[in-house]
Amino acid sequence: MITTATGVPVGYGRAGGANPVSTPPTNAAATVAEAVRAALAGVDPGAVRAAVLGIAGTGAFAEPATAAAFQRAWAGLGLRCPVRVVGDVMVASRRVPGSRPAPC
């Protein structure tokens, strides 16, 4: 989900599983990039000021190959902002006010 600085949703994306522990890092990064690309439709990636990625397998980001794969994915999307990686449980129950509920 992409929101404005005030929390207004402006884009949504969806893709398959991307846990970098159970999926090769390049595949996981490509899957996340697919969802982010969809969410960025109509949004200038250079205008994005911050990002949070809630994902299972955050421990894998300590591995250079995983970190590098995701850095390449961000760059390929045109994102120049910092990306904070947090566990999926940190974002699973959070919603932006006014956003549509996530499908089950």
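Helices are DSSP runs of H or I with at least four residues, numbered from the N terminus. The exercises below use this term for a predicted model.

**Exercise 1.** Work out which element gives the largest share of the nonpolar patch, and decide whether Val-91 counts as buried, partly exposed or exposed.

*Solution.* Begin with the members of the patch, which are Val-52, Val-89, Met-90 and Val-91, and which together have about 360 Å² of accessible area on the surface. Next, turn to the elements: helix 3, residues 88-92, supplies 3 residues, the largest share of the patch, and Val-91 lies in this helix 3. Finally, since buried means under 20% relative accessible area and exposed means over 50%, Val-91 counts as partly exposed because its relative accessibility is 34%.

**Exercise 2.** Check whether the length of helix 1 agrees with its number of residues, and then find what its buried residues pack against.

*Solution.* The buried residues of helix 1 are Ala-28, Ala-29, Thr-31, Val-32, Ala-33, Ala-35, Val-36 and Ala-39, and they pack against strand 1 (2-3), strand 2 (9-11), strand 3 (51-55) and helix 2 (64-77).

**Exercise 3.** Describe the order of the elements along the protein chain.

*Solution.* Count the elements to begin with: the chain has 3 helices and 4 strands. Read from the N terminus on, these elements follow the order β-β-α-β-α-β-α.

How values were computed. Residues numbered from 1 in each chain as written. Predicted model: local features only at pLDDT ≥ 70, side-chain atom pairs only at ≥ 80, totals over all residues. Heavy atoms only, no water. Helix = DSSP H or I, 4+ residues; strand = E, 2+ residues; numbered from the N terminus. Expected span 1.5 Å × (residues − 1). Buried < 20%, exposed > 50% of the residue type's maximum accessible area, 1.4 Å probe, protein only. Contact = heavy atoms within 4.5 Å. Patch = residues over 30% accessible without salt bridge, like charges linked within 9 Å, V, L, I, M, F, W, Y side chains within 5 Å. Areas by Shrake-Rupley, 256 points an atom, 1.4 Å probe, with all protein chains shown as cover. Salt bridge = Lys/Arg side-chain N within 4 Å of Asp/Glu carboxyl O.
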